[in-house]
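Here is a short briefing on one protein model. Please look over the sequence and the structure first.

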Amino acid sequence: MKIALFPGTFDPLTLGHLDLIKRGSALFDQLAVAVMTNESKKPLFTVDERVAQVKEAVSGLANVSVITAQGLTVDLMNKIGADYLMRGLRNTEDFRYERDISAMNNYLDDQCETVFFLAKPEYQHLSSSLLKEVTAAGGDISAYLPANINAALKKRLEERQLMQVKESNEKTR
Ligand code: ADP
């Protein structure tokens, strides 16, 4: 049985991520999507919110599960019995970064095989951070996110902006 792990921050999940998940679900017998806690990235959505968003997006894929994790990827792979690590490549920056991570994972566990998926051309320019930036500035990027996530992103950024206005009003008082 071919079991793969696809770890990421997914803050939030984009259609680029979802395309990879669909392709991975067709290639592997089982695919576990791991929402990484990664507090150093200061996520906009909590880990529970991200897990719920990803679960909703993959609900039609019977062999895909959603888990949450922190720590070493190779430890998580051993825990769930995964032999394959799935990652996406959008550009040469991703390639350089992912090549080093892959080599390090191999050093930590020589059984860890990373399988790279090239991003589809229509998603190559997408990153969660760019989508957050554009949404915060009032741009419509609904074509790049599942509908529930697009709505949640707009709501969260509006809440943030209101909080910032409130804070700066309190400071100037
Ligand atoms: P991380 O913090 O692990 O980079 P991300 O959520 O940003 O988490 O990305 C998870 C994985 O998805 C990475 O392998 C990344 O290269 C890939 N990825 C991100 N955006 C896209 C996209 N638009 N198309 C294909 N793969 C993507």
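A salt bridge here is a side-chain nitrogen of Lys or Arg within 4 Å of a carboxyl oxygen of Asp or Glu. The side chains of Glu 159 and Lys 155 meet that rule, with N to O at 3.5 Å. The model is predicted. By the salt-bridge rule, the count comes to nine.

- Glu 159 and Lys 155 both sit in helix α6, residues 147-172. They are four residues apart, about one turn of the helix.
- Lys 155 is exposed, because its relative accessible area of 53% is over 50%.
- Glu 159 is partly exposed, with a relative accessible area of 36%.
- Arg 156 also forms a salt bridge with Glu 159, the closest N and O atoms being 3.2 Å apart. These two residues of helix α6 are three residues apart, again about one turn.
- Salt bridges with shared partners join Glu 49, Lys 155, Arg 156 and Glu 159 into one network.
- Arg 156 is buried, because its relative accessibility of 18% is under 20%.

**A salt bridge across the sequence**

- Asp 19 pairs with Lys 120 in a salt bridge, the closest N and O atoms lying 2.8 Å apart.
- Asp 19 belongs to helix α1 and Lys 120 to the loop between β5 (113-118) and α5 (128-136), so the pair ties together parts that are 101 residues apart in sequence.
- Asp 19 is buried at 11% relative accessible area, whereas Lys 120 is partly exposed at 31%.

**Annotated binding site**

- An unreviewed UniProt entry places the feature "binding site" at Thr 9, Lys 41, Thr 73 and Arg 87. From this set, Thr 9, Lys 41, Thr 73 and Arg 87 are in the lining of the largest pocket.
- Thr 9 lies in the loop between β1 (3-8) and α1 (15-27). Thr 9 is buried, with 14% relative accessibility.
- Beyond its neighbours within four places in sequence, Thr 9 contacts Val 35, Met 36, Asn 38, Lys 41 and Arg 50.
- Lys 41 is in the loop between β2 (30-36) and α2 (47-57). Lys 41 is exposed, at 55% relative accessibility.

**Nonpolar patch**

- Leu 72, Met 104, Tyr 107 and Leu 108 make a nonpolar surface patch of about 460 Å².
- Leu 72 is found in the loop between β3 (64-69) and α3 (73-80). Its relative accessibility is 43%, which counts as partly exposed.

**Ser 102**

- Ser 102 lies in helix α4, residues 92-108. Ser 102 is buried, with a relative accessible area of 13%.
- Apart from neighbours within four places in sequence, Ser 102 is in contact with Thr 114 and Phe 116.

Methods: Residues are numbered from 1 along each chain as its sequence is written. This is a predicted model: local features need pLDDT of at least 70, side-chain atom pairs count only at pLDDT 80 or more; totals for chains, interfaces and linings use all residues. Side-chain values use heavy atoms; hydrogens and water are left out. Buried means under 20% relative accessible area, exposed over 50%, partly exposed in between (1.4 Å probe, protein chains only). Contact means heavy atoms within 4.5 Å. UniProt positions are given in the numbering used here, feature names are shortened, and annotations may be inferred rather than shown by experiment. On a 1 Å grid over the protein atoms alone, a cavity is a set of points where a 1.4 Å probe fits but cannot get out, and a pocket is an open set with protein on both sides within 12 Å along at least five of seven lines; lining residues have an atom within 4 Å of a point. Patches are made of residues with over 30% relative accessible area and no salt bridge: like charges are joined within 9 Å, nonpolar side chains (Val, Leu, Ile, Met, Phe, Trp, Tyr) within 5 Å. Accessible areas come from the Shrake-Rupley method with a 1.4 Å probe; for residues, only the protein chains shown count as cover.
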